[in-house]
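Student: I have a model open and would like to talk through some of its details. Could you take my questions one at a time?

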Amino acid sequence: MVEPAINGTKNVVIAAAEAQVRRVVFTSSIGAVTMDPNREPDTIVDESFWSDLEFCKNTKNWYCYAKAMAEQAAWEVAKEKGVDLVVVNPVLVLGPLLQPILNASTIHILKYLNGSVKTYVNAVQAYVHVKDVALAHILVYETPTASGRYLCAESVLHRGDVVEILAKFFPEYPIPTK
């Protein structure tokens, strides 16, 4: 997962430079931003934050590790090749799927519907609709002054609120109540 993410990212930025593309908009992830056990819980996270790569490796969180490494590689190659790079870091993305199989974001919701979890954690999660992520990409591409990284989030919900919403719409499913 890690090597293909890094190499694929580098190849895209190099190809963009060779084709003289004026701007590359790269989709990273909130996973490249928030994984840091040393950050205080009440810290407001912004685009300047990066996940702790050693923590990601030690916890075998290869998704976040790969996303952070790929984004860092994109920044390095873009600087080296003179490519105008802008990055969108979406939170957990929900909405219609393009592929015929479930992705990690959808599985996050499915686990509450299929009974595979009996309780929910006392935590919050940020969400964004896939159409808002697409719009964010268009906006940073078309806005000449856009630069750097952009967190892309619509709302933050406690897991209790999520299961409450699911129970309202899907009362026939074994949704956790605590």
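Student: Which handedness does the crossing of α4 and α6 have?
Tutor: Keep in mind that this is a predicted model. The two helices are α4, residues 104–113, and α6, residues 159–169, and their axes come within 10 Å. Where α4 passes α6, the crossing is right-handed.

Student: And how are α4 and α6 oriented to each other: roughly parallel or roughly perpendicular?
Tutor: Their axes cross at roughly 65°. Angles of 65 to 115 degrees count as roughly perpendicular. Therefore α4 is, relative to α6, roughly perpendicular.

Student: How many residues of the contact of α4 with α6 are nonpolar?
Tutor: From α4 come H108, I109, K111, Y112 and L113, and they meet R159, V162, V163 and L166 of α6. Sorting the residues of this contact gives 2 charged, 1 polar and, for the nonpolar ones, 6.

Student: Let's move to R23. Is R23 buried or exposed?
Tutor: R23 sits in the loop between α1 (2–18) and β1 (24–27). Its contacts beyond four places in sequence are D84, V86, V140, Y141, T143, P144 and A146. Buried means under 20% relative accessible area. At a relative accessible area of 7%, R23 is therefore buried.

Student: Which backbone oxygen lies 2.7 Å from a polar atom of the R23 side chain?
Tutor: The R23 side chain also reaches the backbone oxygen of A146, at 2.9 Å. The backbone oxygen at 2.7 Å belongs to T143.

Student: What about H158: which backbone nitrogen does its side chain reach?
Tutor: H158 is part of strand β6, residues 155–158. Setting aside neighbours within four places in sequence, H158 touches Y120, V121, N122, A123 and V124. With a relative accessible area of 25%, H158 is partly exposed. At 2.8 Å, its side chain reaches the backbone nitrogen of G160.

Student: How far apart in space are H158 and Q72, C-alpha to C-alpha?
Tutor: In sequence, 86 residues separate H158 and Q72. In space, their C-alpha to C-alpha distance is 31 Å.

Student: Nice! Now for backbone angles: what is phi of Q20 near?
Tutor: Q20 belongs to the loop between α1 and β1. Q20 is exposed, with a relative accessible area of 71%. Its phi is positive although Q20 is a residue other than glycine, with a value near 60°.

Student: And what is phi of K60, about?
Tutor: You will find K60 in the loop between α2 (53–58) and α3 (62–81). Its relative accessible area is 59%, so K60 is exposed. Although K60 is not a glycine, its phi is positive, at about 55°.

Methods
Residues numbered from 1 in each chain as written. Predicted model: local features only at pLDDT ≥ 70, side-chain atom pairs only at ≥ 80, totals over all residues. Heavy atoms only, no water. Axes fitted to C-alpha atoms, helices over the stretch in contact; angles between N-to-C directions. Helix = DSSP H or I, 4+ residues; strand = E, 2+ residues; numbered from the N terminus. Parallel < 35°, antiparallel > 145°, perpendicular 65-115°, else oblique. Left-handed = near helix turned anticlockwise from the far one by under 90°. Contact = heavy atoms within 4.5 Å. Nonpolar A, V, L, I, M, F, W, Y, C, P; charged D, E, K, R; others polar. Buried < 20%, exposed > 50% of the residue type's maximum accessible area, 1.4 Å probe, protein only. Polar contact = N/O pair within 3.5 Å; in protein donor to acceptor, adjacent residues only side chain to side chain.
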